[in-house]
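Dear colleague,

I am passing on the structure we spoke about, together with some notes on what was found in it. Please read the notes with the model open beside you.

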Amino acid sequence: MPKPRKQQVSIEATPYYHCVSRCVRRAYLCGTDSVSGQSYEHRRGWLEERILALPQIFAIQVAAYAVMSNHYHVVLFIDTRQAQAWSDMDVVLRWHQLFKGNALSQRFVQEELLSEPEQHRLSILIEEWRSRLSDISWFMRVLNEAIAREANAEDDCSGRFWEGRFKSQALLDEAALLSCMAYVDLNPVRAKIAATLETSDHTSVSRRINDATTTVNTDAIERQSSGLLPFVGHPKQHSPVGIQMPLSDYLALVDATGRIARGDKRGAIDTSVSPILSRIGLDDNQWLTISQQFEQCFTTFVGSESNVRSACERLGYKRPTGIAPARQLLAG
């Protein structure tokens with residue numbers, strides 16, 4: 001029986017989560033239906049546009065994504081500090097971009113005077129909305145519902161478009177995060193949809209590469225894509241929100257991994273990759289296994305054995321889950 005989402009998500013354990021949502025129909029989410037011959041390629045654009053737009057509303061940033069033919073991947077970062085820093089007006093205005101709110105919130109936006117009981121009731125709602133705007137379940141719900149409505153309207157039908165429950169994996173440490181991001185970014189290459197990272201359309205790595213080609217300094221935070229969580233390098237102090245690694249290192253790592261995954265070069269690790277792998281505590285064979293079979297290797301929690309045990313204890317699991325793959329693949 002699946003665990004309730006509240007027993008899989010712990011901000012105290014990690015702010016990073018890998019989510020996968022799959023289409024329930026025979027017809028493709030994207031691509032070309034082999035039976036009818038109808039092309040749904042344009043839907044990739046719908047989904048990518050929505051993935052990049054929602055972080056402007058939610059206190060959730062996208063670290064990586066890939067839109068495939070019948071499913072998509074996102075690696076999400078929950079920024080609770082951003083949510084707590086919002087004013088009440090910020091929360092209401094953001095919520096109104098998604099839903100109508102109610103009469104009280106509409107009056108509040110119009111700066112009408114509210115009575116004390118009305119203000120108290122609105123304060124309760126605002127805190128509920130603030131929580132939802134930093135909740136991955138609400139993020140995925142809003143994302144999936146929007147695409148389902150557009151697809152149903154285009155197909156002139158009703159009913160479910162997505163499987164009822166998206167898959168979620170907690171990424172407990174740097175090794176888990178980077179290996180998962182590489183797994184997501186290499187999806188089109190492994191599926192033989194694209195030959196290179198640059199031609200892997202509708203992926204975060206393709207977007208990052210396109211942005212990097214327009215600047216001399218690839219690692220400059222201000223020149224990275226505004227729709228994605230930035231790579232901030234290794235700042236010595238006042239660390240900004242982002243992934244603690246230079247973008248150039250990450251692109252080199254993913255490119256080298258993509259080459260390794262080719263059938264005629266399996267195990268031929270490029271020497272330039274070794275320092276990066278050593279820095280995050282993985283050896284060559286571990287990295288190759290994880291970056292090609294991430295979903296098959298792990299279930300709910302992804303990280304070192306100590307991090308997995310700590311997360312399970314914090315969430316009240318009677319028996320830790322995912323210890324074996326953590327010990328085998330993510331042992332530092």
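Predicted model: local features only at pLDDT ≥ 70, side-chain atom pairs only at ≥ 80, totals over all residues.

Residues are numbered from 1 along each chain as its sequence is written, and side-chain values use heavy atoms, with hydrogens and water left out.

Overall composition

The protein has 14 helices and 5 strands, where helices (H or I, at least four residues) and strands (E, at least two) are DSSP runs numbered from the N terminus. Of the 332 residues in the protein, 49% are buried; here buried means under 20% relative accessible area, exposed means over 50%, and partly exposed lies in between, with a 1.4 Å probe and protein chains only. The protein exposes about 16100 Å², and carbon and sulfur atoms supply 48% of that area, the accessible areas coming from the Shrake-Rupley method with a 1.4 Å probe and, for residues, with only the protein chains shown counting as cover. Among contacts (heavy atoms within 4.5 Å) between residues at least 6 apart in sequence, 65% join residues at least 24 apart.

The sheet

The 5 strands form an open sheet of mixed pairing, in the order S2-S3-S1-S4-S5, where two strands are taken to pair if DSSP finds at least two bridges between them. The edge strands are S2 (60-67) and S5, each of which pairs on one side only. In general, strands of a sheet pair through backbone hydrogen bonds, either parallel or antiparallel.

Valine 62 stands opposite leucine 76 in S3, whereas valine 67 has tyrosine 72 in S3 as its bridge partner. Although S2 is an edge strand, 8 of its 8 residues are buried, so S2 is largely enclosed by the rest of the structure.

S3 also pairs with S1 in the antiparallel sense, again over 7 bridges, and in this pairing valine 20 stands opposite histidine 73 in S3. S1 (residues 16-22) is in turn joined to S4 by 4 bridges, and those two strands run antiparallel. In S4, the bridge partner of valine 20 is lysine 167, while tyrosine 17 stands opposite alanine 170 in S4. S1 is mostly covered, with 6 of its 7 residues buried.

S4 (residues 167-171) has 4 of its 5 residues buried, so this strand too is largely enclosed by the rest of the structure. Between S4 and S5 (residues 301-302) there are 2 bridges, and the two strands run parallel; alanine 170 has phenylalanine 301 as its bridge partner in S5.

Threonine 14 is found in the segment before S1 and is buried, with a relative accessible area of 3%. Its side chain reaches the backbone nitrogen of tyrosine 16 at 3.1 Å, which falls under polar contacts (pairs of N or O atoms within 3.5 Å; within protein, one must be able to donate a hydrogen and the other to accept it, and residues adjacent in sequence count only if both atoms are side-chain atoms). Not counting residues up to four places away in sequence, threonine 14 touches Ala170, Leu171 and Leu172.

Leucine 122 lies in helix H5 (residues 116-132) and is buried, with a relative accessible area of 0%. Leaving aside neighbours within four places in sequence, leucine 122 is in contact with Leu104, Ser105, Phe108 and Leu114. Leucine 122 and valine 92 are 30 residues apart in sequence and 9.8 Å apart in space, C-alpha to C-alpha.

Arginine 208 lies in helix H9 (residues 204-212). The side chain of arginine 208 does reach the backbone oxygen of leucine 229, at 2.9 Å.

With best regards
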